[in-house]
Amino acid sequence: MKKSRGAILSLSLVFLSAVAVAQSALDVPVNLGVKEVSLEQALLKLIQDYDVRLSFSNNILPDIQISANFKKKPLRQVLDALLEDTDISYREIGNQIVLYQKERPDVERKFTISGFVEDADTGERLIAASVYDRRLGKGVETNEYGFFSLTLPQGDIQLSVNYLGYIPQEYNFKLNSDKRLQIELNASLLLPVVEIIAHDSIVSDLRSGHSSDYFNAEDIEQLPALGGEPDLIRATHLLPGVQTGTDGIGGIHVRGGNAEHNLILIDGVPVYNALHAAGLFSVFNTDAIRSAQLIKGGFSARYGGRLSSVLDVHTKEGNLNRLSGTAEIGLLTARASLEGPLIKEKSSFFVSARRSFLNWYTRPISEDEKAKQGIKGKTLYDFFDVNAKVNYEFSPKDKVYLSYYQGNDHFDNDGFSSDSFTYYSNRWEDTVRIRYDSWYGESLSWGNTVAAARWNHIFGNKLFANTTLTYSRFATNIYYGEVDSLVWSNRDTTLQRVYDFGRFRSSIEDVGGRMDFDWLLSPSQTIRFGWGLTEHQFNPGALTYNEIIEYIGPEDVQGNDPINSTESFAYLESNMVLGSKFALNIGVHAARLKVQEKTYNLLQPRLSAYWSVGERFGMKAAYGEMAQFLHLLSNSSIGLPTDLWVPATADVPPQQAWQASTGFDYDFKVLELSIEGYYKKMHNLLNYTEGAYFLNDWEENVTSGQGRAYGIEMLLRKSKGNTTGWMAYTLSWSDRRFELINLGERYPFKYDRRHDLKIVLQHAFSKWMRVSASWIVSSGFAVSLPIAEYYYEKPNGNSVPVIDYGSKNQFRMPYYHRLDISANFNFKTRSFWHDVNIGFYNLYNRKNPLYYDLRTNFINENGELKEKKEYVQVWLLPILPSVNYAIKF
Amino acid sequence: MSRPLLTLVIILLLAAACESPADLNLNEFETKLAVISNFGPDQPVKVQISKTQSATTGTDPEYLEDANVLLYRGNTFLEILKLVPESPTSKPYYVTENFKPQIGELYTLKVDAPGFEQVQATSKIPTPARIRGLGVSDVSVRELPQELAFAYKVSIIFEDPLEASNYYHLNFYQQIWNYQVVENDTIITGNWLRKIAFSPETDNNSLIAYFDGGVLFDDASFNGKAVGYSFTLETSIDPSKHLLGKMFTELRTVSKEYYLFHNSLSRQQTSPGGPLSEPVIIYNNIENGQGIFAGYSPSLDSAAIFR
């Protein structure tokens with residue numbers, strides 16, 4: 001109920017004279033029970049019920065909703081409670097209690113609007129939603145937990161809230177006091193276009209100098225995918241500055257960095273191996289992803305521990321309002337997820353699982369192939385992932401999350417063969433039948449386990465705190481065995497049996513905790529600070545083996561001793577908007593490692609800036625120093641799960657890098673262009689010494705070196721309309737130099753792809769049909785191939801071949817190129833949504849080589865057996881169709 | 001979709017894939033002279049020369065017998081090396097007839113052959129390290145069917161010269177006596193040396209097992225000191241034919257070229273190889289060619305083995 005504004009309402013009612021004489025009006029006990037009424041209504045109720053002589057102007061009353069229940073409380077106490085958080089005070093003047101606006105200071109009065117932005121349907125909090133006042137053009141983005149705090153001058157507010165794929169909301173109100181909002185956005189019925197940079201261009205102030213790209217699950221699901229399996233890591237391959245091996249083998253390499261230089265976080269916890277099947281798939285089940293952000297350079301100070309990039313993945317929290325779920329089946333995997341409220345609007349859960357059924361294919365194919373070679377056996381490969389999360393909101397200011405991830409790969413290979421021969425023995429004067437039995441088996445399993453407990457708390461309106469306890473483990477187990485036996489069949493006697501069994505284990509296990517604070521001082525300044533500590537335990541590989549002839553002896557153990565280390569950090573960063581055009585993020589990340597009685601202290605300054613030169617044109621620059629206390633030692637030319645994670649030690653220093661980048665954005669309205677150049681220098685990189693035997697003590701068989709990378713990235717994108725997409729081009733160089741590799745000479749990094757072009761196009765034919773295509777073309781990666789050979793004669797006259805590879809990685813693979821297409825159809829029946837995805841991976845069946853192998857064959861040439869060598873090109877994935885069907889409710 | 005149908009689709013697709021001959025244009029390949037020579041003090045210089053061949057050739061190595069091989073001390077011409085033709089025990093090689101190199105001198109080898117650019121290389125023989133002590137201890141014997149397996153610890157102490165960097169190749173040889181028992185008398189019929197090889201499982205950046213026996217190491221961690229090393233050696237003999245003799249040691253102080261070449265060669269020989277393994281780049285000090293021309297100087301000692 002509104003009264004006319006601007007008029008003075010004076011209400012004077014007469015108390016009972018006895019009461020008036022006896023005590024102050026403010027001491028009179030009153031009852032007040034109201035629910036969600038305006039302040040004015042609450043005050044009027046007091047006047048009506050108790051004849052209180054209250055005098056006020058309704059112009060000064062803030063537009064707030066009051067719920068209160070007071071019983072026999074002094075009026076003073078009731079008024080204090082009602083007027084809390086407002087700029088109104090009161091004074092007793094004679095018989096009247098006069099409400100008045102507190103004296104305005106000389107400076108402009110400001111109040112804070114804070115709260116969360118959520119999905120109206122699921123209650124999921126939305127990350128990086130923009131909240132801004134259209135009147136002043138000032139705004140902020142929600143943080144990783146959907147929280148925002150916007151401090152604005154008193155007055156009329158036109159608050160606009162936007163999030164990609166959601167219908168924008170607008171709130172008009174008068175800001176007279178601090179305000180708490182729970183903003184709910186409804187998803188747009190039309191699926192969103194794929195927008196890899198989710199910043200709202202209106203809020204130009206919010207842009208920063210760092211290079212980052214956002215994804216959400218819908219984005220990823222719209223892209224053509226291998227086997228129809230939407231994949232976050234594969235989606236990153238389509239961005240400028242991100243390189244990978246053939247068909248994704250070998251992981252991602254951002255701006256010339258190594259695979260281990262990427263900090264991959266699931267709900268803030270590092271994941272050590274983000275790949276299944278050596279990179280064909282990632283460990284991220286798209287069903288579980290709420291949002292992801294890839295930062296390629298100019299990291300904020302809150303991130304630490306890696307040199308090249310941060311892939312920050314947030315999983316879904318669970319639908320707070322209703323039970324919902326999905327089930328999906330494709331040619332290679334099946335997955336399902338379920339989410340819903342545990343306590344309505346207070347607590348929810350999310351659980352999802354994915355399993356491959358590659359065994360369906362590998363078992364019959366391998367059995368047939370082995371049978372052709374006279375072997376009875378099989379080859380199996382499978383993987384699975386499980387994600388689970390629960391949350392509980394204790395109060396509007398406190399929320400707790402528990403999250404869990406486990407993913408495992410398993411590979412098995414075995415075979416049994418038997419052969420026999422017969423001869424006449426003079427000694428036994430009989431025919432002797434000998435049978436030779438041979439069995440072999442290998443089993444390789446690896447996986448990540450990640451768990452986190454998180455508590456969000458809001459202090460006041462501006463300070464958001466997040467406390468996290470984390471656990472992360474990556475382990476590899478390899479078992480192998482071989483049994484060869486000679487059996488005298490006639491007498492059923494085993495003449496000789498040779499066993500060779502072994503197992504290899506390596507693991508890295510982290511237990512840690514961290515506290516992060518977002519202090520949202522004003523729209524033009526946010527301060528973030530925090531600290532944390534992680535205990536690492538490394539078991540960098542130990543082989544236990546038995547090599548037995550006729551008797552079983554004790555196991556021999558060869559390998560490395562466990563190493564423990566303690567990593568701690570603290571950071572401070574400030575996001576500032578200077579004037580209306582210049583945004584600055586400045587900070588420092590301090591990290592410390594204690595290992596083997598040695599302490600490393602590393603201070604890493606970070607700086608990024610964005611200058612909105614004009615309405616459409618902005619320039620950016622960033623500089624950052626990074627340190628990494630972990631190394632990944634690879635014993636092959638492609639990343640495999642047998643690669644060893646090892647720590648910096650007293651003898652092995654941490655990896656360090658610095659990166660500087662600069663560029664600009666230009667908005668052509670229909671198209672947006674971004675161009676950025678970078679230079680990165682890396683020190684104390686670690687690699688196995690050339691030819692090192694990888695089961696030896698790793699610390700004594702590694703070599704330190706340096707790397708550098710530089711290039712220019714260009715991104716031209718169209719993100720509005722029925723036809724959307726982008727074109728990304730990168731021109732880059734990257735090399736390495738290690739003392740004990742390539743004779744100490746500099747050589748090209750394997751993923752030194754000079755040119756890299758990615759084109760993604762999508763077209764929405766209707767609300768229910770969308771077609772997309774992506775085309776990648778890249779310079780071939782750098783490899784070493786045997787070029788020539790000669791012979792070295794040993795003193796005993798025997799010769800050994802000497803292979804000349806030239807300089808390391810001097811050969812280039814041919815250009816890699818591949819076209820993928822897919823079509824998405826979605827429709828609704830009753831309360832179910834159905835999605836059908838049909839696609840082709842590598843549509844024109846390009847045979848992109850994974851590697852070249854020099855094979856030796858023997859040929860009959862004029863009756864003479866001759867050796868013939870030839871290079872064989874091995875490739876992985878031909879044209880692969882995919883059909884996926886998903887049902888959602 | 002039923003499993004058999006899916007399987008059939010995948011089999012059909014995979015059957016068309018995987019591998020095919022690759023026509024690689026390895027422009028980098030050009031036949032060059034490969035020169036191999038390790039030379040010591042007061043011994044004739046022997047040089048073996050062959051042609052490098054493409055990695056895909058797959059034919060036997062071709063040794064040159066028409067090369068002109070010249071040796072210089074600094075810029076001073078010393079001698080044209082004489083060809084020793086192929087024999088049942090050795091490939092053809094070239095050798096100095098009169099000249100024997102000395103410690104500390106810088107020698108240059110130049111080779112001309114028809115159809116090839118002249119190649120050349122330089123090296124010198126380093127000052128030998130003096131062996132100050134050699135001992136054998138902790139001898140153990142294990143009886144196996146038809147053989148005796150010996151294990152013992154060898155300790156060697158030597159003096160590392162005070163030069164900037166020194167490199168070593170340490171070889172161990174087990175002397176084995178052949179014998180026969182004739183009418184209750186043991187008759188020694190001869191003796192021979194077995195070179196002891198080490199497993200690459202002990203390799204590290206400073207010390208590696210040489211593929212043809214012994215170990216290679218540098219003095220990065222002990223420059224200019226008296227240095228002690230211990231190794232456990234294992235050897236076995238047939239007790240019905242052999243007797244264990246002395247243990248001989250050869251400590252070669254080697255030039256940097258020798259160390260780098262043989263280190264990389266040894267690592268390449270023990271590398272698993274294959275397309276997924278990282279290659280080992282071979283050191284080469286032959287200008288315009290391939291191979292090694294490197295000096296070394298040996299110190300010898302021996303120790304008896306007492307059970």
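**Strands within chain A and the contact with chain B**

In this predicted model, A788(A) has S54(B) as its bridge partner in β4(B). That pair belongs to a link between two chains: strand β47 of chain A, residues 788-793, is joined to β4(B) by 2 bridges, and the two strands run antiparallel.

The contact between the chains involves further residues. On one side 54 residues of chain B take part, and they touch 60 residues of chain A. Several elements of chain B each supply at least two residues to the side that touches chain A, among them β4 (53-54), α2 (256-270) and β19 (290-303). The largest share comes from α1(B), with 6 residues. By type, the residues on this side of chain B divide into 25 nonpolar, 20 polar and 9 charged.

Chain A also has strands that pair with each other. Strand β39 (residues 655-667) pairs with strand β40 (residues 672-688) in the antiparallel sense, over 12 bridges. Within this pairing, Q659(A) has K680(A) as its partner in β40(A). The two strands form a hairpin with 4 residues between them, and K669(A) in the turn has a positive phi of about 80 degrees. On β40(A) the pattern continues: 15 bridges link β40(A) to strand β41 (residues 702-718), again in the antiparallel sense. Here Y678(A) stands opposite G711(A).

Elsewhere in chain A, T476(A) lies in strand β29, which covers residues 463-488. Is T476(A) buried or exposed? T476(A) counts as buried because it has 23 C-beta neighbours inside 10 Å, and the cut-off for buried is 20 or more. From C-alpha to C-alpha, T476(A) is 30 Å from Q873(A), a residue 397 positions apart from T476(A) in sequence.

Definitions and conventions: Residues numbered from 1 in each chain as written. Chains lettered and ligands numbered in written order. Predicted model: local features only at pLDDT ≥ 70, side-chain atom pairs only at ≥ 80, totals over all residues. Buried ≥ 20, exposed ≤ 12 C-beta atoms within 10 Å, placed from the backbone. Pairing = 2+ DSSP bridges. Contact = placed C-beta atoms within 7 Å. Nonpolar A, V, L, I, M, F, W, Y, C, P; charged D, E, K, R; others polar.
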